[in-house]
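I set out to read one protein chain and to note what I looked up. My entries follow in the order in which I made them.

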Amino acid sequence: MKPASWKSAFVFFCLAFAAVIFAAPASAAKIDDQFRAWLQSDLWPEAKARGISQKTFDAAFDGVNPNLKLPDLVMPGKKATTPQKQHQAEFGSPGAYFAEKTVRAVSAGGRTREAANARTLAAIEKRYGVPGEVLLAIWGRETGFGAARMPYDAFQVLGTKAFMSTKKDFFRTELLAALKIVERGLAPVGAMKSSWAGALGQPQFMPTSFLKHAADFDGDGRADIWNSTPDTLASIANYLVHYGWVKGRGWGFEVTVPESVSCSLEGPDQGKKISEWAAMGVKRVGAKPFPASELKAEGFLLMPAGRSGPAFIATPNFYVLKEYNTSDLYALFIGHGADRIAHGDSNFVGSWGAVGGLHRSDIAALQRALEVEGYDVGSADGLPGFKTRRSIGKWQVKNGRAATCFPDADLVAAVK
């Protein structure tokens, strides 16, 4: 190589390297500027119209820039795509979600706190009708009974997501609610620490849920879900009651489902009397009968892993638990954890098969293909909810396959 050519190549390399090094900061700086402009020209007028003062608004966003490491963001000028990985554990592998170490931490911790808070729990159950073990299971799952510290600034999380997430409208509503919490003096800006999704306090309430459901149960005149155990537990109970908790019913029962009963019968829109399920051959595990008081009540088939995992007959209260977190696995974890708090540690009789190994983007592609064929999968979001699971079962039967009602790599290739 000639000297001049070598120098040109070296200069080109340095410029290229500098472009790589400085592109990200420059891009981030541009997004910061766009974010600040959005705050002032877009968000502030609406916040002001909703009664938020300039003082509260400025304090909430003082020094706040977008957190570009949060999941499910769409960079300005880009289109939303389904991510490969699933960031939320509730929508991942069922077996991993029910790891004994995780469940036992909730059940053992719940029993300890059940004894320590017996009077409070009894008073809450008397007022709201929600069993204490259910409240304890949610408290334990959400924040380890208050031990988990929220590492994020709620206004940064909610601001980032309202500005550039896949669900801008949802997070804008939550951001305005967070500003209202501060404006009303319910919590100072400094206390507004959250999860990566913007959830607050020990029960992990989104800001709108705090405004609707936070309860003052310790009588100090303030609903404090950050520091008060009575307020935390009562707020969870108030939330569940709002969404229809049925006093006197549990969440459901583990069952065995014969091959003659299709897994595509799953879902809250396909309920039957529990006596009807029993007549079809669905049996409670452990040779236990269904309680006589439940036989005339409605129940719903629940198979979170299709034929590759435990099966259940769920009550309407199961779907109330899903209002807390829209995952079947989450609601099942709470119900199972509550049972173990109340009756001692025992695992499901059925075992979780090797499911949950697909990328979220693969499942989304499968859902889109099923939609083209006329199946209702709920939403092509890469999450195998009950509508996707039963649509898979129907497709499998139609195409001469054994119905498993759960996505796998072979099925993704076949449907595509």
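**Entry 1: charges and the whole chain**

How far apart are the mean positions of the positive and negative charges of the protein chain? I found 49 positive and 40 negative charges, with mean positions 3 Å apart. For this count Lys and Arg are positive and Asp and Glu are negative, while His and the chain ends are left out. I placed each charge at NZ of Lys, CZ of Arg, CG of Asp or CD of Glu.

I record that this is a predicted model, in which local features need pLDDT of at least 70 and side-chain atom pairs count only at pLDDT 80 or more, whereas totals for chains, interfaces and linings use all residues. Residues are numbered from 1 along each chain as its sequence is written, and side-chain values use heavy atoms, without hydrogens and water.

I noted 16 helices and 7 strands in the protein chain. Helices (H or I, at least four residues) and strands (E, at least two) are DSSP runs, numbered from the N terminus. Along the principal axes, the C-alpha atoms fill a box of roughly 85 × 65 × 40 Å.

Of the 416 residues, 46% count as buried. Buried means under 20% relative accessible area, exposed means over 50%, and partly exposed lies in between (1.4 Å probe, protein chains only). The chain exposes about 19,800 Å², of which carbon and sulfur atoms supply 54%; this area comes from the Shrake-Rupley method with a 1.4 Å probe.

**Entry 2: the sheet**

I traced an open sheet of 5 strands in the order β4-β6-β7-β3-β5, with antiparallel pairing. Its edge strands are β4 (272–273) and β5 (283–284), each of which pairs on one side only. Two strands pair if DSSP finds at least two bridges between them.

I then looked at β7 (residues 311–314). With β3 (residues 252–256) β7 has 4 bridges, and Phe 312 is the bridge partner of Glu 254. With β6 (residues 298–302) β7 has 3 bridges, and Ile 313 stands opposite Leu 301.

Are the faces of β7 covered or uncovered? Both are covered: Ala 311 and Ile 313 on one side, and Phe 312 and Ala 314 on the other, are all buried.

I compared helix α15 (residues 386–398) with its expected span. Its 13 residues reach 18 Å from first C-alpha to last, close to the 18 Å expected at 1.5 Å a residue. The expected span is 1.5 Å times one less than the number of residues. Among the buried residues of α15 are Phe 386, Ile 392 and Trp 395. Their cover includes β6, α13 (328–343), α14 (360–372) and α16 (409–415). Just after α15, Gly 400 has a positive phi of about 75°.

The buried residues of α8 include Phe 171, Leu 175, Leu 179 and Val 182. An α-helix has 3.6 residues a turn, so residues three or four places apart point the same way. Gly 185, which follows α8, has a positive phi near 80°.

**Entry 3: a loop residue**

Where is Asn 227 found? I located Asn 227 in the loop between α9 (207–213) and α10 (229–242). Asn 227 counts as exposed because its relative accessibility is 63%. The C-alpha atoms of Asn 227 and Thr 256 are separated by 43 Å, although these residues are 29 residues apart along the chain.

Methods. Contact = heavy atoms within 4.5 Å.
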